[in-house]
Amino acid sequence: MSKRDYYEVLGVSRDTSDRDIKKAYRRMAMKFHPDRNPGDAEAEDKFKEVNEAYEVLSDAQKKAAYDQYGHAGLEQGAGGFGGGGFDGSFSDIFGDVFGDIFGGGGGGRRRSSVQRGADLRYNLDLSLEEAVRGVEKSIKVPTLVPCDTCDGSGAKPGTSAKACGTCGGHGQVRMQQGFFSVQQTCPTCRGEGKVISDPCGSCRGHGRVEKVKTLSVKIPPGVDTGDRIRLSGEGEAGSHGGPAGDLYVQVNVQQHPIFERDGRNLYCEVPISFVDAALGGELEVPTLDGRVKLRVPAETQTGKLFRLRGKGVSPVRGGPTGDLLVRVVIETPVHLTSRQKELLKEFQQATEEGSDHKHSPKKTSFFDSVKQFFEDMT
Ligand SMILES: [Zn+2]
Ligand SMILES: [Zn+2]
C-alpha cells in the first residue's frame, strides 16, 4: 500500500507551525476516533493514518528525515507508528499520542490520562399531555467542557506540562515486593505521567471547566416515567481531550389532576348523581383530545367502568393505542333543604312499600347474608 503524504493526511502545509500541526492532528484524531465511529473500518484506517502522520511530524528528527527523503527516510529505526506496527489497541495509541500533545514534547513514551467523560443524568419532569403527545424541551445541564484558555491541557498558555519526575513520565512506578517487582500508579502524578507546574488560571489545571449547557431535547410521544433518552456525546468532556460521555434524560411524568395513567390506559373518575345513575342519561367526560359524551344506561351502579376505546396513550415503543376507562362514582347529595329531604323520605317510603325490596337487590341480599351469619353463630 502506498502511503499518503503525512502533511496531506493532517490537512496542513509543509511550513505549518508545530502548534498548528498539533491542532490539526487533534481535530482529525477526534473525528476518526474509534469511540466516535464504532465498527467503521474506514474511520479506523484513517485514525491509524492520522496517528502515524502525527507520530512523524511531531518528532523533530523524524520530521526532518521525512521532509528530506519522504517515507523512505523513515524506513529504518523509526519505530512506533512509522513502522506501521499497529496492534489494534486504540486507547493505548490514542493515549500515548495525546500524552505527547499535552506533554509538549517532553520526550519519552508516557502513559496516557485520556479518559472518556462521565455520563450525566438529567431528570426531566413532564406533564401527562407532554408525555402523551411528545414535546421539545430546552434543558440546562451543568457539565464539564474543555477549557478554552488552555485548550484542555490544564497548563497555562505558553507553558506545558512537564514529565513527572517520580515516574519519569510513565505514570507507573515499580515497587519491589519480595522477589516480585510490582507496577503501581505513580503517587505524584496519579498515573498521568506529567505534572503541571504552571496551571491554567481558568480551569486551575483541570483542563475542563464547569458550564451550564442549554440543550434542546426532543421527547417522542408516548413516553412514560422511567424512560430514558440518550443524547450521545452531551455528557462531561473527557479529560485531556478524551471523548465526551453521554447525557441521559430520565423522564418523570407528573400527576395529572384528572387522569391517572397505567401504561397505555388512562383512568378517570366521573361523579354522577344518583338520579342520573338510576334513570340513565348522557354524561360529559374529559379525554386528552377534548370532551366526549358518554351514555350511561339506567340502573348504573357506582364504580362501574366504561371503556372509551382508543382514547388512551399510543406507547412510545409501538403497539396499539390504549383506552380511557371512565369510572362513574355516585355522589350522595349534600346541603339538602327540608323540602328535598321530604321528597327523599317520600321516595324511600314508595320504594319500600310492598315492594319486597326489589329496588335494592344488593342491599337485600347483603342483609339476608348478615341475618344468616348471626343465625349460624348461635
Ligand atoms: Zn484551562
Ligand atoms: Zn508520576
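## Asp 227 and its partners

The side chain of Asp 227 reaches the backbone nitrogen of Asp 224 at 2.7 Å. A further polar contact, at 2.7 Å, joins the side chains of Asp 227 and Arg 317; a polar contact is a pair of N or O atoms within 3.5 Å, where, within protein, one must be able to donate a hydrogen and the other to accept it, and residues adjacent in sequence count only if both atoms are side-chain atoms.

Asp 227 lies in the loop between strand E7 (208–219) and strand E8 (228–231). With a relative accessible area of 11%, Asp 227 is buried (buried means under 20% relative accessible area, exposed over 50%, partly exposed in between, with a 1.4 Å probe and protein chains only). Leaving aside residues up to four places away in sequence, Asp 227 touches Val 249, Gln 250, Val 251, Val 316 and Arg 317, contact being defined as heavy atoms within 4.5 Å.

## Basis of the model

This is a predicted model, in which local features need pLDDT of at least 70 and side-chain atom pairs pLDDT 80 or more, while totals for chains, interfaces and linings use all residues. Residues are numbered from 1 along each chain as its sequence is written, chains are lettered from A and ligands numbered from 1 in the order in which they are written, and side-chain values use heavy atoms, without hydrogens and water.

## Overall composition

The chain has 9 helices and 15 strands, taken as DSSP runs (helices H or I, at least four residues; strands E, at least two) and numbered from the N terminus. Of its 378 residues, 36% count as buried. Among contacts between residues at least 6 apart in sequence, 62% join residues at least 24 apart.

## Helix packing

The axes of helix H2 (residues 18–32) and helix H3 (residues 41–57) come within 9 Å and cross at roughly 160°, which makes the two helices roughly antiparallel (over 145 degrees; under 35 is roughly parallel, 65 to 115 roughly perpendicular and the rest oblique). Axes are lines fitted to C-alpha atoms, for helices over the stretch in contact, with angles from 0 to 180 degrees between N-to-C directions. Residues making this contact include Tyr 25 and Phe 32 of H2 and Phe 47 and Tyr 54 of H3.

The axes of H3 and helix H4 (residues 60–69) come within 6 Å and cross at roughly 100°, so H3 and H4 are roughly perpendicular. Glu 55, Val 56 and Leu 57 of H3 meet Lys 62, Lys 63 and Tyr 66 of H4.
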